[in-house]
Amino acid sequence: MKITYVGHATFLLETGKTSILIDPFDDKVGYPVPKLSPALVLISHEHGDHNHLPMAAGQPKVVRGLAEGQWRTVNETVDGVTISSVPTYHDASQGKDRGRNTVFIIQAEGLRVVHLGDLGHPLDDEAVKAIGRPDVLMIPVGGHYTIDAKQARDVIARLQPGVVIPMHYKTEVNAGWPIGAIDAFTGGEKSKQVGHTVTVEKSKLPRDPEVWVMSWR
């Protein structure tokens, strides 16, 4: 599976004949908005930095985690790729501040890829069980709108993923945002830079959680 980091919380997954765009951002985020042609778009929640469909050219299938503010139960298979969802919140007050959020689980090529969206709280036992052990975990680390670096480490300790890809943190593009930089998460932690696009194979996954820092260009 090929994974490309577009920026913020946006990723493009390419597997077999299918490409999947996750949480496309709008131009208010600050990153350049590319024009991509995915077969499928996943939207964890309805905020402009996660649901900007114009990023996707053509007529992709759109899978939304929420409908009218309520969780949808996602369980779909597209071209051999299975998509399912786990309900969570965007904040630590059961949605009172920022609403609800969806965790997406993408299964393809024997891999279990989990995108946490804008998770805003620690995971309870029920959510941990539903998510399972990810081979690849895309996790917000910037805080303020989502869990912060410390909370992210706690989530990782519970899920025990093979690969951790941090997202939703401050860069030179969104320097005015009230979120933390990647250093708050990677400081003192073993991590490696893997570039803009990386290929993941089930047989080559690390045994212990490994942090891969991706670049948005």
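Colleague: How many bridges join strand E3 (residues 18-22) to E4?
Modeller: The two strands run parallel and are joined by 3 bridges, where strands (E, at least two residues) and helices (H or I, at least four) are DSSP runs numbered from the N terminus, and two strands pair if DSSP finds at least two bridges between them. Please keep in mind that this is a predicted model, in which local features need pLDDT of at least 70 and side-chain atom pairs count only at pLDDT 80 or more, while totals for chains, interfaces and linings use all residues. Residues are numbered from 1 along each chain as its sequence is written, and side-chain values use heavy atoms, with hydrogens and water left out.

Colleague: OK, and which residue is the bridge partner of Ile22 in E4?
Modeller: The partner of Ile22 is Leu42, and Leu42 also stands opposite Val63 in E5. Strand E5 (residues 61-64) runs parallel to E4 and is joined to it by 4 bridges.

Colleague: Which way do the residues of E4 point?
Modeller: Leu40 and Leu42 point one way from the strand, whereas Val41 and Ile43 point the other way, and all are buried, meaning under 20% relative accessible area, with exposed being over 50% and partly exposed in between (1.4 Å probe, protein chains only).

Colleague: Back to E3 then, is Thr18 buried or exposed?
Modeller: Thr18, which has its place in strand E3, is buried, with a relative accessible area of 3%. Its side chain is joined to that of Asp79 by a polar contact of 3.0 Å, a term for a pair of N or O atoms within 3.5 Å where, within protein, one must be able to donate a hydrogen and the other to accept it, and residues adjacent in sequence count only if both atoms are side-chain atoms.

Colleague: Switching topic, which residues of helix H2 are buried?
Modeller: In H2 (residues 149-159) they are Ala149, Ala152, Val155, Ile156 and Leu159. Seen down the helix axis, these buried residues fall within an arc of 115°, so they line one face of H2, the arc being that of the directions from the helix axis to the C-beta atoms. An α-helix has 3.6 residues a turn, so residues three or four places apart point the same way.

Colleague: What do they pack against?
Modeller: The buried residues of H2 pack against helix H1 (125-131), strand E12 (136-140), strand E13 (163-167) and helix H3 (183-186), with contact meaning heavy atoms within 4.5 Å.

Colleague: And what happens just after H2, at Gln160?
Modeller: Just after the helix, Gln160 takes a positive phi of about 50°.
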